[in-house]
Amino acid sequence: MSNLAAGSHCDLAIIGAGAAGLAAAIFAGEAAQRSDLRRIVLLDGAKTLGAKILVSGGGRCNVTHDEVSPTDFFGNRRIIKNVLAAFSVEETLQWFTSMGVELKREETGKLFPVSDKSRTVLNALVDRCRRLGVTVCPDHRVRTIEQGRGAEAGFRIHHAHGTLLAKKVILATGGRSIPKSGSDGFGYELARRLGHQVTPTVPALVPLVLDDRIFHKTLSGLSQEVELTTTVNGKTVDVRTGSLLWTHFGISGPVVMDASRFFCQARGQDEPVAVYANFLPGQTQEQVRQWFMEQAQDHPRRSLGKTLAQLFPERFADAIIQHAGCEGQTASAQLPRKDRDHLIVMLTKFPFPIVKDRGWNYAEVTAGGVPLEEINFRTMESKLVPGLYFVGEILDCDGRIGGFNFQWAWTTGRLAGRSAMNVL
């Protein structure tokens with residue numbers, strides 16, 4: 001790791017040493033080797049690199065997914081499609097293999113290092129930068145970036161230890177998620193000062209907090225398959241099925257994390273938003289009603305609790321029965337029609353009393369950012385500021401859970417790094 005002398009010069013400065021910044025530095029370094037050797041400097045505000053990489057995937061780092069398509073992302077999908085086409089999953093796997101990182105596929109399609117350690121991925125990226133001669137500078141937080149004028153083309157970067165003059169700059173500062181890692185949103189301010197727009201940013205892939213008056217605490221640690229429907233202004237904006245995890249504060253799990261961006265965006269715009277669960281995915285209220293009738297006919301003396309325990313974990317069955325105002329010991333055949341109808345609604349269209357999202361400290365990614373329309377998707381170069389590039393989470397593109405946001409980081413890093421060294 002290096003400290004820069006005051007007034008240093010470089011051909012390319014990369015601001016931010018997260019996944020996208022490290023990828024950009026590696027691809028730029030490889031491109032530089034094939035042309036005239038050029039100086040590449042990687043600046044990061046944190047004292048230790050890669051905090052987000054280390055905590056990702058439960059500390060195992062889900063580097064990508066075996067199938068990646070534009071529909072796995074939110075943003076301008078036409079542009080996203082063109083960006084993703086530049087670096088396939090197969091090429092990504094080969095890239096990691098070339099750095100000594102073997103990957104394995106899990107049943108979900110997620111790809112992890114065989115070591116099951118995020119540190120394997122981070123070390124490989126940083127070591128590759130070092131071998132390529134990239135000057136890596138932790139604890140060099142960037143404060144301002146000024147465009148050069150006249151004979152002094154390029155950029156003047158003011159950082160914690162002085163000034164760096166760069167011919168080209170790649171902004172890889174991340175979004176606002178997990179701010180203690182260094183991605184506190186300041187990159188957006190740098191982008192604005194250089195003339196770019198920034199769309200409203202909200203947490204995405206974030207757990208949701210429920211009103212304490214319902215039963216989630218009694219179910220903490222329980223996971224179940226559900227269908228979630230999110231409505232904004234009464235209109236359905238998202239429907240998805242997946243695993244929900246009950247927690248002491250509310251709900252989490254892949255299906256909740258994926259749906260959270262819609263809740264957060266609506267709340268951010270002060271629009272009425274609701275999230276409903278069908279705890280019997282694929283089943284309509286009429287089908288559930290028919291099932292209840294058959295159960296009451298075939299097993300009239302069986303209690304409501306035991307009846308529901310055929311479909312759900314006992315803890316959940318007890319909690320939902322009580323929440324619906326019913327008595328678990330009541331025989332199925334003796335359940336009043338209005339109680340049965342209410343219980344069916346609770347099972348198929350349960351309205352979650354969401355108080356808030358869990359905040360930036362727990363969000364895995366940021367929704368919103370620098371508009372993709374302001375970027376040349378072939379190179380990731382700004383259409384407004386020549387020599388300025390954007391990669392990773394700072395852009396208005398966020399993927400669903402499962403390694404997609406890492407694929408976006410590697411791909412945009414590759415495009416920008418190679419382009420900045422004029423190799424495409």
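Let's start at Leu-208, which lies in strand S12. Strands here are DSSP runs of E, at least two residues, while helices are runs of H or I, at least four, and both are numbered from the N terminus. A word on the source: this is a predicted model, where local features need pLDDT of at least 70, side-chain atom pairs count only at pLDDT 80 or more, and totals for chains, interfaces and linings use all residues. Residues are numbered from 1 along each chain as its sequence is written, and side-chain values use heavy atoms, with hydrogens and water left out.

Back to Leu-208. Is it buried or exposed? Its relative accessibility is 3%, so Leu-208 counts as buried. Buried means under 20% relative accessible area, exposed means over 50%, and partly exposed is in between, with a 1.4 Å probe and protein chains only.

What does Leu-208 touch? Set aside neighbours within four places in sequence. Its contacts then include Phe-249, Gly-250, Ile-251, Val-256 and Ser-260. Phe-263, Ile-354, Lys-356 and Asp-357 are also among them. Contact means heavy atoms within 4.5 Å. Take Ser-260: it sits 52 residues from Leu-208 along the chain, yet their C-alpha atoms are separated by 7.2 Å.

Now the whole chain. It has twelve helices and 23 strands. The C-alpha trace spans about 85 × 45 × 35 Å along its principal axes. Of the 424 residues, 56% are buried. Take the contacts with a separation of 6 or more: 74% of them join residues 24 or more positions apart.

Next, backbone angles. Most residues other than glycine have a negative phi. Leu-205 has a positive one, near 50°. Leu-205 is in the loop between strand S11 (202-204) and strand S12 (208-210). At 4% relative accessibility, Leu-205 counts as buried. Cys-61 is another non-glycine with a positive phi, about 65°. Look for Cys-61 in the loop between helix H2 (51-59) and strand S3 (64-65). Cys-61 has 0% relative accessibility, so it counts as buried.

On to helix packing. Helix H4 (residues 89-98) packs with helix H12 (residues 404-420) at an angle of about 80°, and their axes are 11 Å apart. Axes are lines fitted to C-alpha atoms, for helices over the stretch in contact, and angles run from 0 to 180 degrees between N-to-C directions. H4 and H12 are therefore roughly perpendicular. The cut-offs: under 35 degrees is roughly parallel, over 145 roughly antiparallel, 65 to 115 roughly perpendicular, and the rest oblique. H4 brings Val-89, Glu-91, Thr-92, Trp-95 and Phe-96, and H12 brings Gln-407, Trp-410 and Arg-414.

The second pair is helix H10 (residues 314-323) and H11. Their axes come within 9 Å and cross at roughly 125°. That angle makes H10 oblique to H11. Which residues of H10 and H11 meet? From H10, they are Phe-316, Ile-320, Ile-321 and His-323; from H11, Leu-343, Met-346 and Leu-347.

Last stop, Thr-348, in helix H11 (residues 337-348). At 10% relative accessibility, Thr-348 counts as buried. The Thr-348 side chain reaches the backbone oxygen of Ile-344 at 2.7 Å. Not counting residues up to four places away in sequence, Thr-348 touches Ala-277, Asn-278, Gln-283, Gln-285 and Val-288.

Key:
Polar contact = N/O pair within 3.5 Å; in protein donor to acceptor, adjacent residues only side chain to side chain.
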